[in-house]
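Me: I would like to learn how to read strands, helices and single residues in a structure file. Can you take me through one?

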Amino acid sequence: MARVAVVTGGTRGIGEAISIALKDMGMKVAATYAGNDERARAFSERTGIHAYKWDVADYDACQEGVKQVEADLGPVDVLVNNAGITRDSTMKRQSHEQWQDVIDTNLGGCFNMAKAVFEGMQSRGYGRIVNIGSINGQAGQYGQVNYAAAKSGIHGFTKALAQEGARAGVTVNAIAPGYIDTDMVAAVPAEVLGKIIAKIPVNRLGKADEIARGVSFLVADDAGFVTGSTLSINGGQHMY
Ligand code: CAA
């Protein structure tokens, strides 16, 4: 039986690469997105993967959305919490709204989605959850107290939930990407980005496929002994 996977933020950037990689592994994939209808439509046409629109920061929308996916594809075996946003600004300028949006989406989204699938995974005795954290959750980053706090929270969330899932065959792991060539990183001012790239030992931005490679490993059926771990994929920028 083909595994059923949900990839949040799965129609663009790192999420798109993950959705395609899981489909290539033979899974039935549902990719969620929050707002960009045009990119989602193009993604679905190109890949044949159905895109579902809901906001991962909205608890009820996540519960309803997962119900719909399960009605369409079957019970969810694999969840990749990838959806994330940035609202970068120094503490002095950061508004409460910028703080809250990032916490609610990046960290709250992980809770909302895990809540919708975790019990089912436990009762069926199988599950794979991968949460996409960040190098900036491990090391901090100037201008990102909101993002670094949320991503750091993801790493704690992962280790705690891994302990709850372990006996029931539900693994929970994180990936901490470095700077990857996506729309999100393209939004960093060019001169700031240039300085960041100069500090990456591999001397380039990562590719979305290089993160998907790590996800494919963690969600495999035979990865059942890997849980509570964080896989850093960052070109050697932060060795943690
Ligand atoms: N360390 C110390 N000082 C720094 C600094 C740093 N890393 N970066 C900037 N500063 C200083 C500047 O030199 C400047 O000082 P002066 O006024 O004395 O010259 C001051 O801080 C203000 O800098 P900016 O002009 O850049 O300030 P700004 O308000 O225009 O912008 C910012 C601030 C929005 C945070 C901008 O610097 C920025 O976008 N930085 C990049 C943040 C970043 O890396 N985001 C990652 C996004 S991608 C992502 O998050 C994916 C992932 O998981 C990796």
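This is a predicted model: local features need pLDDT of at least 70, side-chain atom pairs count only at pLDDT 80 or more; totals for chains, interfaces and linings use all residues.

Reply: Residues are numbered from 1 along each chain as its sequence is written, and side-chain values use heavy atoms, with hydrogens and water left out.

Me: What is the strand order of the open sheet?

Reply: Helices (H or I, at least four residues) and strands (E, at least two) are DSSP runs, numbered from the N terminus. Two strands pair if DSSP finds at least two bridges between them. Here seven strands form an open sheet in the order 3-2-1-4-5-6-7, with parallel pairing. Strand 3 (50-53) and strand 7 (230-233) are the edge strands, each pairing on one side only. On average, neighbouring strands are turned by 20 degrees against each other, direction ignored.

Me: Which residues stand opposite Val-6?

Reply: Strand 1 (residues 4-7) runs parallel to strand 4 (residues 78-81), joined by three bridges, and Val-6 stands opposite Leu-79 in strand 4. Strand 1 also pairs with strand 2 in the parallel sense, over four bridges. In strand 2, Ala-30 stands opposite Val-6.

Me: Which way do the residues of strand 1 point, and are they buried or exposed?

Reply: In a regular strand, side chains alternate between the two faces of the sheet. Buried means under 20% relative accessible area, exposed over 50%, and partly exposed in between (1.4 Å probe, protein chains only). In strand 1, Val-4 and Val-6 point one way, Ala-5 and Val-7 the other, and all are buried.

Me: How do helix 4 and helix 6 pack?

Reply: Two packed helices are described by the angle between their axes and the distance between the axes. Axes are lines fitted to C-alpha atoms, for helices over the stretch in contact, and angles run from 0 to 180 degrees between N-to-C directions. Helix 4 (residues 96-124) and helix 6 (residues 145-165) pack at about 15 degrees, with their axes 8 Å apart. Helix 4 is therefore roughly parallel to helix 6 (angles under 35 degrees count as roughly parallel, over 145 as roughly antiparallel, 65 to 115 as roughly perpendicular and the rest as oblique). Their crossing is right-handed: the near helix is turned clockwise from the far one by less than a right angle. Contact means heavy atoms within 4.5 Å. Contact residues include Trp-99 and Phe-111 of helix 4 and Tyr-147 and Phe-157 of helix 6.

Me: Which strands does helix 4 lie across?

Reply: Helix 4 lies across strand 1, strand 4, strand 5 (127-132) and strand 6 (170-177), running at about 170 degrees to strand 4. Helix 2 (residues 37-47) lies across strand 2 (28-33) and strand 3, at about 155 degrees to strand 3.

Me: Where is Thr-182, and where is Asn-203?

Reply: Thr-182 is in the loop between strand 6 and helix 7 (183-186). Thr-182 counts as buried because its relative accessibility is 14%. Not counting residues up to four places away in sequence, Thr-182 touches Gly-13 and Ile-14. Asn-203 is found in the loop between helix 8 (190-198) and helix 9 (208-219). Asn-203 counts as exposed, at 57% relative accessibility. Although not a glycine, Asn-203 has a positive phi of about 70 degrees.
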